[in-house]
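Here are a few notes to read alongside the structure. Keep the 3D view open and find each residue as you go.

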Amino acid sequence: VFPSLAQAQASVANEVYRELDQPSIFLFCPTEYCSSLCSPSPSQSCYLLTLGQELLPGISVIWTGPKVVSRELSATLLEEVEGVLQRRPIIWDNLYANDYDCRRVFLGPYTGRAPGLMPRLRGLLLNPNCELQANFIPIHTLGSWFRSELGSCAHPDHAGKETAAALGDSQGSQEGSYSPQEALELALHDWVAEINRQALEPGR
């Protein structure tokens, strides 16, 4: 019936979206949801180009970054994805996901995301460790990153500075910028307080 997979998916997604009275949040996960799955690149993918043209503008598209599990996210990549999809993507962040190898647990701070990304995003979903308690540091440091991004939006002259410190484990942060190391220390402080609080509860 359809000349391509992308046109088939867009047609079905659009029909469901209309049937649900065009909700404010409607997420579409494409078959090519990261750069490594695109041929030859996101900006030259016939599949993504078709989706960008055919999907109704109120439908949000999920994107994981350069890879399924992306160590880094850059403003340049998000600009490329926004251009081809004709909308800002929702990042489906698999930085902490361990469902593919449950022998591993990820406890480090939220890192590798360039400053000034928020204006280029429709939203961000964090895919956590399968073990609930192991997600205190990931979620806490994501909150620190988010607050820093809000500060950057309020002061646009600081936005978009992709420093090596911001992408890695910062040795020292500029005032108002996100420091993974400082965020980790704050998270550990609060986590220890939470553990001690729970230990004092009756019956624990």
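**Notes on the core and the salt bridges**

1. Let's begin with Asp 101, which counts as buried at 17% relative accessibility, because buried means under 20%. Please keep in mind that this is a predicted model. The side chain of Asp 101 meets that of Arg 103 in a salt bridge, 3.0 Å from N to O. Arg 103 itself counts as exposed, at 77% relative accessibility.

2. Why can such pairs form? Side chains of opposite charge can pair when their charged atoms come close. The count for this model is five salt bridges.

3. Now find Glu 79 and Arg 120, whose side chains form a salt bridge of 3.1 Å, N to O. This pair links distant parts of the chain: Glu 79 sits in helix H3, Arg 120 in the loop between strands S3 and S4, 41 residues apart. Glu 79 is partly exposed at 42%, and Arg 120 is partly exposed at 22%.

4. Next, look at helix H6 (residues 180-199), where Arg 197 and Glu 194 lie three residues apart, about one turn of the helix. Their side chains meet in a salt bridge of 2.7 Å, N to O. Together with Glu 201, they are linked in a network of salt bridges.

5. Finally, turn to the largest nonpolar core, which has 33 residues; Leu 48, Leu 51 and Leu 55 touch the most other members. Helices H1, H2, H3 and H4 and strand S2 each give two or more residues to this core, with the largest share, six residues, coming from H3. Leaving out residues up to four places away in sequence, Leu 51 touches Ala 6, Ala 10, Phe 28, Pro 30 and Arg 87.

Note on methods. Residues are numbered from 1 along each chain as its sequence is written. This is a predicted model: local features need pLDDT of at least 70, side-chain atom pairs count only at pLDDT 80 or more; totals for chains, interfaces and linings use all residues. Side-chain values use heavy atoms; hydrogens and water are left out. A nonpolar core is a set of buried Ala, Val, Leu, Ile, Met, Phe, Trp, Tyr and Cys residues joined through side-chain atoms within 4.5 Å. Buried means under 20% relative accessible area, exposed over 50%, partly exposed in between (1.4 Å probe, protein chains only). Helices (H or I, at least four residues) and strands (E, at least two) are DSSP runs, numbered from the N terminus. Contact means heavy atoms within 4.5 Å. A salt bridge is a side-chain nitrogen of Lys or Arg within 4 Å of a carboxyl oxygen of Asp or Glu.
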